[in-house]
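Here is a short briefing to read with the model open beside you. Take your time and find each residue as it is named.

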Amino acid sequence: MFKNKNVDGKLNRCGRNVTRLRMAVSPKLSQKGLADRLQIAGLDLDKNAVQRIESGQRFVTDIELYALAKVLGVSVDTLVRD
C-alpha cells in the first residue's frame, strides 16, 4: 500500500530547510516569530504548526509552501530541495 511519507518517515520535504532558513535570519527567528510573519502574510498558522512542519510531523499544502518561501525570502524549490 502506498504511504505519503518520505523514505525517512517524515510527512514533508521542507521542514528541515524551514528550520535552517529560519535560524539563518539575523537575528534568529523563533518559531513564533515565523508564525507571526506568516499570519501577517495571510496564512493562519500558529507556533505549534510551525514546529510540526519543521519536525516533519505535518503535511504542507502548496499554499503554505508558497507563503513559507515568500516569508523566508527563498524560492519554493529551495524549500523542497534535499
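This is a predicted model: local features need pLDDT of at least 70, side-chain atom pairs count only at pLDDT 80 or more; totals for chains, interfaces and linings use all residues.

Residues are numbered from 1 along each chain as its sequence is written, and side-chain values use heavy atoms, with hydrogens and water left out.

- Start with helix α2, residues 31-40; helices here are DSSP runs (H or I, at least four residues), numbered from the N terminus.
- Its buried residues are Q31, G33, L34, A35 and L38, where buried means under 20% relative accessible area, exposed over 50% and partly exposed in between, with a 1.4 Å probe and protein chains only.
- These buried residues of α2 pack against α1, α3 and α4 (62-72); contact means heavy atoms within 4.5 Å.
- In α4, the buried residues are E64, L65, A67, L68, A69, V71 and L72, and their cover includes α1, α2 and α5.
- How do the axes of α2 and α4 cross? They come within 10 Å and cross at roughly 110°, using lines fitted to C-alpha atoms over the stretch in contact, with angles from 0 to 180 degrees between N-to-C directions.
- That angle makes α2 roughly perpendicular to α4 (under 35 degrees counts as roughly parallel, over 145 as roughly antiparallel, 65 to 115 as roughly perpendicular and the rest as oblique).
- Where the two meet, L34, R37 and L38 of α2 touch A67, L68, V71 and L72 of α4.
- The residues of this contact divide into 6 nonpolar, no polar and 1 charged; Ala, Val, Leu, Ile, Met, Phe, Trp, Tyr, Cys and Pro count as nonpolar, Asp, Glu, Lys and Arg as charged, and the others, Gly among them, as polar.

**N17 and V80**

- N17 is found in helix α1, while V80 sits in helix α5 (residues 76-80).
- Is N17 buried or exposed? N17 counts as buried because its relative accessibility is 9%.
- V80 counts as partly exposed, with 26% relative accessibility.
- Although 63 residues separate V80 and N17 in sequence, their C-alpha atoms are 7.4 Å apart in space.
- Leaving aside neighbours within four places in sequence, N17 is in contact with T78, L79, V80 and R81, and V80 touches R13, N17 and L65.

- Look for P27 in the loop between α1 and α2, where a cis peptide bond joins S26 and P27, with omega about -5°.
- I63, in helix α4, is 37 residues from S26 in sequence and 25 Å away in space, C-alpha to C-alpha.
- I63 counts as exposed, at 59% relative accessibility.

**The largest pocket**

- The largest pocket has a volume of about 200 Å³. Of the 16 residues that line it, the closest to its centre are N6, D8, N12, R13 and R16.
- A pocket is an open set of points on a 1 Å grid over the protein atoms alone, where a 1.4 Å probe fits, with protein on both sides within 12 Å along at least five of seven lines; lining residues have an atom within 4 Å of a point.
- Two helices, α1 (15-24) and α3 (47-55), each supply at least two residues of the lining.
- The lining divides into 3 nonpolar, 6 polar and 7 charged residues.

Notes. Grid points are joined across faces, edges and corners, and a volume is the space filled by probe spheres set on the points.
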